[in-house]
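Biologist: Here is a structure to look at. Let us ask what each term rests on.

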Amino acid sequence: MNRQFNEIAALITENMVPYWLSRTQLLMGDEPVLQGISKHVLVVGLGGVGGICAEMIARAGIGEMTIIDGDRVDQSNINRQIPALHSTEKLLKTEIMATRLKDINPLLKLHELTEHIEDGRILEILNTRQFDYVVDCIDTLSPKVLLMRNCVDLGIPIVSALGAGGKTDPSQVRIADIDDTHECNLARYVRKRLHKFGIRKGITVVYSPEKVDQSRVIETEKAFPKKSLIGTISYMPAIVGCMCASVVIRAMYGEPGIIGSPS
């Protein structure tokens with residue numbers, strides 16, 4: 001790990017952008033790409049949204065990442081999740097994604113946590129390392145809100161993915177402040193919980209106001225720890241994940257005017 005860190009440091013010191021990032025360099029310039037190599041991003045949740053989000057962040061050349069997920073691949077994931085193949089069924093998503101991300105960027109400084117985080121553990125993780133940005137791709141309400149709250153309390157920029165299930169129209173997906181969301185049930189529940197902590201705005205989210213056909217939602221014990229399952233299509237979680245990644249990447253490259261950019 002020290003050798004890997006030294007190699008990354010050498011790239012930054014010598015102002016050298018790796019050849020595999022040459023197209024990104026052509027678009028963004030040397031300094032922003034080198035700046036990205038020095039950043040550390042946390043991605044929590046590696047499902048339909050989080051898997052593609054983590055991959056896009058890695059492909060942008062961010063130099064250090066922490067990924068967290070406690071799940072194994074299920075066949076029902078295959079229609080929408082990057083880690084999910086018939087050949088990876090029952091394997092840990094963290095292990096699959098770690099192999100994939102390191103194959104994209106062999107110099108990536110990667111930390112893997114295979115667990116479902118909640119309560120005090122969230123704060124412990126956030127205090128363990130210095131994160132430049134956090135991406136919330138959690139699909140259960142309580143840990144999702146706690147992650148947001150703790151990031152606000154610690155002053156860590158965060159972008160949160162809201163509901164992609166039950167939706168099919170990619171043109172309605174947008175980046176907004178949590179206070180500006182509407183027609184999204186998950187956003188409404190999140191806002192209500194955040195209000196109890198005195199948080200009404202200042203959190204960047206990716207969401208869609210597209211109305212959900214409730215006949216595509218079923219309540220079942222199989223959804224535990226959630227209460228229900230909702231229909232999904234291949235591209236919608238990926239679009240939300242890519243938009244979350246865009247918020248992080250543009251902020252890490254120092255692009256001005258990005259909602260949720262570090263001050």
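Modeller: Start with Val41, which sits in strand E1. This is a predicted model, in which local features need pLDDT of at least 70, side-chain atom pairs count only at pLDDT 80 or more, and totals for chains, interfaces and linings use all residues. Residues are numbered from 1 along each chain as its sequence is written, and side-chain values use heavy atoms, with hydrogens and water left out.

Biologist: What makes a stretch a strand or a helix?

Modeller: Both are DSSP runs, numbered from the N terminus: helices (H or I) need at least four residues, strands (E) at least two. The chain has nine helices and nine strands. E1 covers residues 40-44.

Biologist: Why is Val41 called buried?

Modeller: Buried means under 20% relative accessible area, exposed over 50%, and partly exposed in between (1.4 Å probe, protein chains only). Val41 has 0%. That is under 20%, so Val41 is buried.

Biologist: Which residues is Val41 in contact with, leaving aside its neighbours within four places in sequence?

Modeller: Contact means heavy atoms within 4.5 Å. Val41 meets that with Ile57, Ile62, Glu64, Met65, Thr66, Phe131, Tyr133, Val135, Val248 and Met252.

Biologist: What makes Val41 part of a nonpolar core?

Modeller: A nonpolar core is a set of buried Ala, Val, Leu, Ile, Met, Phe, Trp, Tyr and Cys residues joined through side-chain atoms within 4.5 Å. The largest one has 42 residues, and Val41 is among those with the most contacts inside it, along with Val43, Ile57, Met65, Ile67, Leu101 and Val135. Elements giving two or more residues to this core include E1, E2, helix H4 (48-59) and helix H9 (235-252). H9 supplies the largest share, 10 residues. A second, separate core of 28 residues includes Leu42, Ile117, Leu147 and Ile178.

Biologist: How do you know that E1 and strand E2 pair?

Modeller: Two strands pair if DSSP finds at least two bridges between them. Five bridges join E1 to E2 (residues 64-68). Five meets the cut-off of at least two, so E1 and E2 pair. They run parallel. Leu42 stands opposite Thr66 in E2.

Biologist: Which other strands are joined by bridges to strand E7?

Modeller: E5 is joined to E7 by three bridges, and these two run parallel. E6 is joined to E7 by four, and that pair runs antiparallel. Val206 in E7 stands opposite Ala161 and is also the bridge partner of Ile175.

Biologist: In what order do the seven strands form the open sheet?

Modeller: The order is E3-E2-E1-E4-E5-E7-E6, with mixed pairing. E3 and E6 (174-177) stand at the edges, each with a single partner strand, so one side of each is left without a neighbour in the sheet.

Biologist: Where is His111, and is it buried or exposed?

Modeller: His111 lies in E3 (residues 109-113). Its relative accessible area is 11%. That is under 20%, so His111 is buried, even though E3 is an edge strand. Leaving aside neighbours within four places in sequence, His111 is in contact with His40, Glu64, Met65, Thr66, Ile67 and Arg129.

Biologist: What makes both faces of E7 covered?

Modeller: In a regular strand the side chains alternate between the two faces of the sheet. In E7 (residues 204-207), Thr204 and Val206 are on one side, Val205 and Tyr207 on the other, and all are buried.

Biologist: Why do the buried residues of helix H6 line one face?

Modeller: In H6 (residues 120-128) the buried residues are Ile122, Ile125 and Leu126. Seen down the axis, they fall within an arc of 95°, so they line one face. The arc is that of the directions from the helix axis to the C-beta atoms. An α-helix has 3.6 residues a turn, so residues three or four places apart point the same way. The face turned away carries the exposed residues Gly120, Asn127 and Thr128. Cover for the buried residues of H6 includes E1, E2, E3, E4 and helix H7 (141-154).

Biologist: What makes Leu21, in a loop, buried?

Modeller: Leu21 is found between helix H1 (2-13) and helix H2 (22-28). Its relative accessible area is 1%, which is under 20%, so Leu21 is buried. Not counting residues up to four places away in sequence, Leu21 touches Val33, Arg59, Ala60 and Gly61. Leu21 and Ala60 are 39 residues apart in sequence, but 7.5 Å apart in space, C-alpha to C-alpha.
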